[in-house]
There are 2 protein chains.
Amino acid sequence: MRIGELASESGVQSSAIRYYEAIGVLAPPARTPSGYRDYDSSASTRVQFVKAAQQAGLTLTEITSIFNLRDEGSQPCRHVADLIDRKLGQINDRITALSQTRQELKRLAKRAERLDPEHCPPNSICQIIEPN
Amino acid sequence: MRIGELASESGVQSSAIRYYEAIGVLAPPARTPSGYRDYDSSASTRVQFVKAAQQAGLTLTEITSIFNLRDEGSQPCRHVADLIDRKLGQINDRITALSQTRQELKRLAKRAERLDPEHCPPNSICQIIEPN
DNA sequence: GTATACCTTCAAGTCAACTTGAAGGTCAAG
DNA sequence: CTTGACCTTCAAGTTGACTTGAAGGTATAC
C-alpha cells in the first residue's frame, strides 16, 4: 500500500504520515524498488490508533511512548491508564480555566448592555473592559 | 518612566512591552536623549488594559483593533461588545469540545479498570484505546 | 510520447505570544 | 574607575502538529 492510499484510508494527509515517521511515531516502512513507501496493513491500525488517541487528548509524544512499550513487548496497559488519568486532570484544569474566562466574559457582556456608549469617559480606553 | 518601571508596575516583562510595540499593540513612546524608552502615565493604563482584555480571552490582534478605534476618536463600545459576544461563542465551543474529550477519557478510564492486562490481545496495540 | 497523478527529500513556514541570547551602550553608586 | 543594574537592537528559539514549496523521479493511461 502506498502512502496516498494509507492516507485516504485512515483520513489523514500523506504529509502527516511522513511527519509521524520523521518524529518517530511510526516506524519507517518498506520501500518499493523505485523508492516509494510501501505499507502493510498493520500501518493502518497504527494510524487509526494515533487518531483515536489524539481524539482522547494524548499528544504524539505520549502516543509514541505507548508504541515504544508495545514494540518492546511490554503491555502498555498500566502506562496508558496513567496517561489517561493525567490527561483527565489536565482537561479538567483547562475546563476550569475556560469556565472562569466565560464567567468574566459574561460579566463584561452584561456591563456592555448596561453601559451607555454616550457616557464613555474620554480618558479611559473602554469602559466595558477596565482593569479592576 | 523607563521600560523596567512600567513593566514591574503593570506586572509584565520588559520584553513583552517591546514586543507589544513591535507588533503595533502599543505606540512607540518618546525616547530619552540616550535612547531609552520614556513612557508617560497613559502607557500604564494601556498595558493594564491589555492584561484585562487578555484575561477576558481577547487576542492581541483584537486588543489592537480596540486601540485603533479609540485612537481614531471613535468609541469602541459596540465593537468591544461584538468581540465579547464572539469570544463567548468561541469559549463555549472550546468548552464543549473539551467536555467531549473528558467524556471520552472517562470512558477509557473505566475500560482500563475493567480490562485485565493479562488478557491483552497480542495483535492489538492497546485494548484500552482502540479505534471504533 | 505526453499528460497527469502520484511519489521522493529537504527546508522553511504557520499560529500566538512571547522569551532568550548576543553584543553592546548608559547611568548611578562607591 | 569600576561594578552592576538597566537599557538598546536584532535574530532566533519556544511549543505542537503539521503544511507548503521547490525541484525532481515514477507509474499509468491514452
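Predicted model: local features only at pLDDT ≥ 70, side-chain atom pairs only at ≥ 80, totals over all residues.
Visitor: Which residues are the closest to DNA strand C?
Guide: DNA strand C is surrounded by 19 residues. The closest come from chains A and B. They are A:Gly4, A:Arg37, B:Ser15, B:Ser34 and B:Thr59.

Visitor: Which helices of chain B each supply at least two residues of the surface near DNA strand C?
Guide: In chain A, α1 (3–10) and α2 (14–22) each supply at least two residues of that surface. In chain B, the helices that do so are α2 (14–22) and α4 (60–72).

Visitor: Are α5(A) and α5(B) roughly parallel or roughly antiparallel to each other?
Guide: Helix α5 spans residues 77–114 in chain A and residues 77–114 in chain B, and the two axes come within 8 Å. They cross at roughly 160°. Angles over 145 degrees count as roughly antiparallel. Therefore α5(A) and α5(B) are roughly antiparallel.

Visitor: In which hand, left or right, does α5(A) pass α5(B), and how many nonpolar residues has their contact?
Guide: The crossing of α5(A) past α5(B) is left-handed. By class, their contact has five polar and eight charged residues, and its nonpolar residues number 24.

Visitor: Which element gives the largest share of the side of chain A that touches chain B?
Guide: The contact takes 43 residues from chain A and 42 residues from chain B. On the chain A side, α3 (41–55), α4 (60–72) and α5 give two or more residues. The largest share, 21 residues, comes from α5(A).

Note on methods. Residues numbered from 1 in each chain as written. Chains lettered and ligands numbered in written order. Near = placed C-beta within 6 Å. Helix = DSSP H or I, 4+ residues; strand = E, 2+ residues; numbered from the N terminus. Axes fitted to C-alpha atoms, helices over the stretch in contact; angles between N-to-C directions. Parallel < 35°, antiparallel > 145°, perpendicular 65-115°, else oblique. Left-handed = near helix turned anticlockwise from the far one by under 90°. Nonpolar A, V, L, I, M, F, W, Y, C, P; charged D, E, K, R; others polar. Contact = placed C-beta atoms within 7 Å.
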